[in-house]
Amino acid sequence: MSSPLTALLAAALRRWVLGVFPRGQSGIDYDAPAGDPGLFGPDSATWRVHADFPGMLAGGLCALMLQALHPQVLAGVWDHSDFRDDLVGRLRRTTGFVAGTSFAGTEQAQRLIARVRAIHMHVRGTTADGMPYSADDPALLSWVHASEAYAFLQGFRMYAGVDMPAWAQDRYYAEGHRVAAALGAVEIPASRAAMAAYFDAVRPQLRYDDRAREVLQVLSRIRLPVPGAAISRGLFLGAGAALLPPWAERMLGITTLQRARHRACARALRGLAPLFHIALPDGAGARACRRVSVSPSILRTWPDSAARDG
C-alpha cells in the first residue's frame, strides 16, 4: 500500500493523531532502560493489542460508554473530574497511563501505578441516591478494568486487521491482572468465559440514568483540537459504539438506525486502519520493541508456541 496518495493520507492522519494526542507530554521515556521488557514484554498479547491505535481509541470510547452505566464509578467521575470542560485532557491522561503501564520500563510503569493509587485515595463520596463510593474500592476498580479490557480486545479484533486466535484473547485477559491487581482490583476476569460471567454478575448493578445520559451527551460533543473534528469524532464514537455488547446496546436504548450507523462507522475505520499503521510507525509499542532489541513487526504477528508457552 504505497503511493503518493497513500503518503498524503497517512501524513494527514499522523497530523490528526498528534493533534489529539501530542507526544512528549507524559514524561515517559519508552527508549530506556535498554533491555527492560516492562510489565509485559514482546511475547505478550498486551503489547500487540495496545499498540493498535484505531482499536485502542475506539475501544477507549466504548469503555467510557460502559463505565457510565455503573452508578458508583460514574459518581466518582461526576464529583471529582472536569469531564464537562476537559474531556480531551481526561482521554489524554488515560491514554498516557495505559501506554505507560503497557510499554514503559518496569520502574516507570510502577511509578505510574503508585501515582494513580495515591489519587484514588482521595476520590470518595456518595452517589445521587446516597450510596457510598471510593475509587480504591476493589469492586469498582474491577469494573473499570473489565470494561476497558473487554473494549480494547474487541477494538483490536474489529480494527487491527490481524486475526486474534482464541488462546491470545484469553492470554490478553489473563495478562491484565498485572496492572489491575497492582491498582487494587480483586475480581479480575482472566479469560473470555470469565469476562462473560463477570458481566452477567455485575449487570444488575448497572443503570442508564440521567447522569449517565448527561455524561454520554458530553462525550458525543467532545471538542477535538484538530481540523474536521466533527467528522472524526462521529467516526470514532460510532466505531466505539459498534463494539458494545448487545446487552449494553439494549440498556442504552440504541435503535436499529443507530446500530446501522455504528456498523457503517466500523466499516469505515476498518478501511482506514492500514493508513494509521503507515502513519504511526514510531509509537510507544514500536519504541518498546526497539528498547528490547526486537523488530516492531512482531506487533502484527503472534509468538510461536515456545514463546507462547513460556
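Guide: One term to begin with: a crossing is left-handed if the near helix is turned anticlockwise from the far one by less than a right angle, and right-handed if clockwise. Helices (H or I, at least four residues) and strands (E, at least two) are DSSP runs, numbered from the N terminus. This is a predicted model, where local features need pLDDT of at least 70, side-chain atom pairs count only at pLDDT 80 or more, and totals for chains, interfaces and linings use all residues. Residues are numbered from 1 along each chain as its sequence is written, and side-chain values use heavy atoms, with hydrogens and water left out.

Visitor: Which hand does the crossing of α3 and α7 have?
Guide: The crossing of α3 with α7 is right-handed.

Visitor: At what angle do the axes of α3 and α7 cross?
Guide: Roughly 145°, and the axes of α3 (residues 53-67) and α7 (residues 138-159) come within 7 Å. Axes are lines fitted to C-alpha atoms, for helices over the stretch in contact, and angles run from 0 to 180 degrees between N-to-C directions.

Visitor: Which residues of α3 and α7 meet?
Guide: Among them are G55, G59 and L66 in α3, and W143, F152 and Y159 in α7. Contact means heavy atoms within 4.5 Å. The contact residues of α3 and α7 divide into 13 nonpolar, six polar and one charged. Ala, Val, Leu, Ile, Met, Phe, Trp, Tyr, Cys and Pro count as nonpolar, Asp, Glu, Lys and Arg as charged, and the others, Gly among them, as polar.

Visitor: Now the core. Which residues touch the most other members of the largest nonpolar core?
Guide: W16, F53, W143, Y172 and L244, out of 82 residues in that core. A nonpolar core is a set of buried Ala, Val, Leu, Ile, Met, Phe, Trp, Tyr and Cys residues joined through side-chain atoms within 4.5 Å. Its largest share, 10 residues, comes from α7.

Visitor: What does Y172 touch?
Guide: Leaving out residues up to four places away in sequence, its contacts include A45, H50, F152 and M164. There is also a second, separate core of 20 residues, including A99 and A288.

Visitor: Which residues of α15 are buried?
Guide: In α15 (residues 284-291), these are G285, A286, A288, C289 and R291. Buried means under 20% relative accessible area, exposed over 50%, partly exposed in between (1.4 Å probe, protein chains only). The buried residues of α15 pack against α2 (45-50) and α5 (87-103).
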